[in-house]
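Here's a guided walk through a protein model for someone meeting it for the first time. Have a look at the picture, then read on.

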Amino acid sequence: MTSHEQPVDSVLETIGRTPLVALQDGPTDVDLYAKLETFNPGASVKDRIGRYMLEAMLERGELSEDGTIIEPTAGNTGIGFAIAAEQLGLEAIFVVPERFSVEKQQLMAALGAEIINTPTDAGMGGAIERAHELAAELDDAVVPQQFSNPLNVEAHYETTGPEIYEALDGEVGAVVAGCGTAGTLMGIAEYALERDDSTYVAAVEPEGSIYGEALGDDREEDEYKIEGIGTHDLATNELFDPDLVDAVYAIPDRDAHDELRRLAREEGHLVASSAGAASVAARRVARAISTGEIDAPHETVVTVFPDSSERYLSKGIYRSFEEWEG
Ligand code: PMP
């Protein structure tokens, strides 16, 4: 894998190869690392699927060279797809539930995309439905479908997973990541389990999300403020494979919020709520490996910080928990 030190021809070539940084404050006998996806040009993990999925779809002829992509998205995927679409000469339309941050919607528009809002009440399912309706109305329009397209998982199997293993010389005991579409975790997990099938794999969701039900855990469905991860409907999250996952950690909003503020103050990470939740869960896994409660092949835990807090300043991400709009 090459570094970012050489000049490159396009912003697309700066995607990936993000830093892996040791987290502090964990048990002394377990190493804990976070992959900082804020270093991507669109400042989130979703730049990876933007480039990977659109290039693969063009190559396979699933998308024509002057075609349009229409994607339901919480925002980061829109930004990642918008960067890639513009560079690859495609049009982009994004269907975004209203509750998601205005910063993300402004960035998608700045990148040349069209935004269509759907009611918050209709959830992500409503946005998915609207995207398909629009695609049927337009010529040459395709919905890449990050929630069901295996290319989403493949992007992480081909890039994020190998980068982690190369950085740690293959010594990875546990992978812990938040699940929105679950593409990030599934791609890294597939790569990890192929190398060592005893690698511990943990999914992270907000308390109020029901991913844990797929592993037989009790979950109470509720609203949550953490943005970018979780599900209210397992049927729309087709990529999540419970067979690859050892546990699903449900993190309360308050814990994720405390942690994202601590991460800024004490460790210099300007990351958002899904990173806060991932950090809480990863520390829990590290402690359990340290006490012997979890059996992992190496004393090394890796998590992913998907995006930056700057994207949520208007929602008061650094204010008190009560003032944080989520
Ligand atoms: N965090 C944030 C902020 C996100 O936008 C997303 C994507 N929805 C994720 C985490 C989860 O990534 P994935 O969709 O790959 O599970």
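Let's start at Ala281: beyond its neighbours within four places in sequence, Ala281 is in contact with Val176, Ala202, Val204, Tyr249 and Ile251. Being in contact here means that the C-beta atoms of two residues, placed from the backbone, lie within 7 Å.

Before going further, two notes. This is a predicted model, where local features need pLDDT of at least 70 and side-chain atom pairs count only at pLDDT 80 or more, while totals for chains, interfaces and linings use all residues. Residues are numbered from 1 along each chain as its sequence is written.

Buried means 20 or more other C-beta atoms within 10 Å of a residue's own, exposed means 12 or fewer, and partly exposed is in between, with C-beta atoms placed from the backbone. Helices (H or I, at least four residues) and strands (E, at least two) are DSSP runs, numbered from the N terminus.

Now for the sheet. It's an open one of 6 strands, in the order E1-E2-E10-E7-E8-E9, with mixed pairing; two strands pair if DSSP finds at least two bridges between them. At the edges sit strand E1 (20-22) and E9, each pairing on one side only. E1 runs antiparallel to strand E2 (residues 31-36), joined by 3 bridges, and Ala22 has Tyr33 in E2 as its bridge partner.

Elsewhere, strand E3 (residues 68-72) and E4 pair in the parallel sense over 5 bridges, with Pro72 opposite Val95 in E4. Strand E4 (residues 91-97) is largely enclosed by the rest of the structure, because 6 of its 7 residues are buried.

What about Leu244: where does it lie? Leu244 is in the loop between strand E8 (200-206) and strand E9 (247-251). It counts as partly exposed because it has 17 C-beta neighbours inside 10 Å. Not counting residues up to four places away in sequence, Leu244 touches Met186, Ala189, Glu190, Leu193 and Val201.

Finally, the ligand: the shell around it has 7 nonpolar, 8 polar and 2 charged residues. Ala, Val, Leu, Ile, Met, Phe, Trp, Tyr, Cys and Pro count as nonpolar, Asp, Glu, Lys and Arg as charged, and the others, Gly among them, as polar.
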